[in-house]
Amino acid sequence: MNANLKAVDAAKLSEKLAEATPAEIVTEALRTVGKDRLAVASSFGIESATLLKIVADVDPSIPVLFLDTGWLFPETVAYRDTLIEHLGLRDVRTITPAAEKLAQKDPLQGLYATDPDACCYLRKVEPLSEALGDFDGWINGRKRYQGGQRTGIAPVEVEGQRLKFNPLARVTPSQIRQMFLGWELPVHPLAGQGFTSVGCIPCTRRTNPGDTARAGR
Ligand code: SF4
């Protein structure tokens, strides 16, 4: 983290942004971190178009990091391209796990079944962490209504050496639906097929009515 950001008090910034709109939080992230040191992480999943639209309206050249674990649905990769075109995103960077590490640690591509934590570390945690090494702050799409550890997330957090901005922390599922309708956003190709959340093929299942959005992960 650069010297200026070390002086930023994330708790105070969160307090200031407690009632802010998602766009205001993205704008503040840009102002605080600076254009060259800020990124967005997106899975291009079922709800991702909302955050990406908000970011694109503020500045479509903010780098967007898209993690391709090697196990993504082809529909998700196609959706990435649809949203790049539709929203005019100018700097989407696809990140992949290192080929040599995959060959060494998951040569038969069965690690997800024998040790899912190791698989997630290899295919998600490590590559994203390396990609974020170029940035002092990042924006993500987590929401409080997703439950678990996300229930209490603040607009701004400190994560290691970086600031982490959560512009959608306070939004509701109904507001997400309104964003899709009001902004006429393209929907993920799997959204109408019983998926409320889409991740890796082996670890995603269709959900039942009443399940939480991330129940299929
Ligand atoms: S979600 Fe499943 S396939 Fe994807 S990285 Fe984690 S364990 Fe592996």
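This is a predicted model: local features need pLDDT of at least 70, side-chain atom pairs count only at pLDDT 80 or more; totals for chains, interfaces and linings use all residues.
Residues are numbered from 1 along each chain as its sequence is written. Local features need pLDDT of at least 70, side-chain atom pairs count only at pLDDT 80 or more, and totals for chains, interfaces and linings use all residues.

Student: In strand β6, which residues point the other way from Arg162 and Lys164?
Tutor: Strands here are DSSP E runs of at least two residues, and helices are H or I runs of at least four, numbered from the N terminus. In a regular strand, side chains alternate between the two faces of the sheet. Strand β6 spans residues 162-165, and Arg162 and Lys164 share one side. The other side has Leu163 and Phe165.

Student: Is the pairing of β5 and β6 parallel or antiparallel?
Tutor: Two strands pair if DSSP finds at least two bridges between them. Strand β5 (residues 156-159) has four bridges to β6. One joins Val156 to Phe165. The sense is antiparallel.

Student: How many residues of helix α4 are buried?
Tutor: Buried means 20 or more other C-beta atoms within 10 Å of a residue's own; 12 or fewer is exposed, in between is partly exposed, and C-beta atoms are placed from the backbone. Helix α4 covers residues 48-58, eleven in total. Ser48 and Ala56 are among the buried ones.
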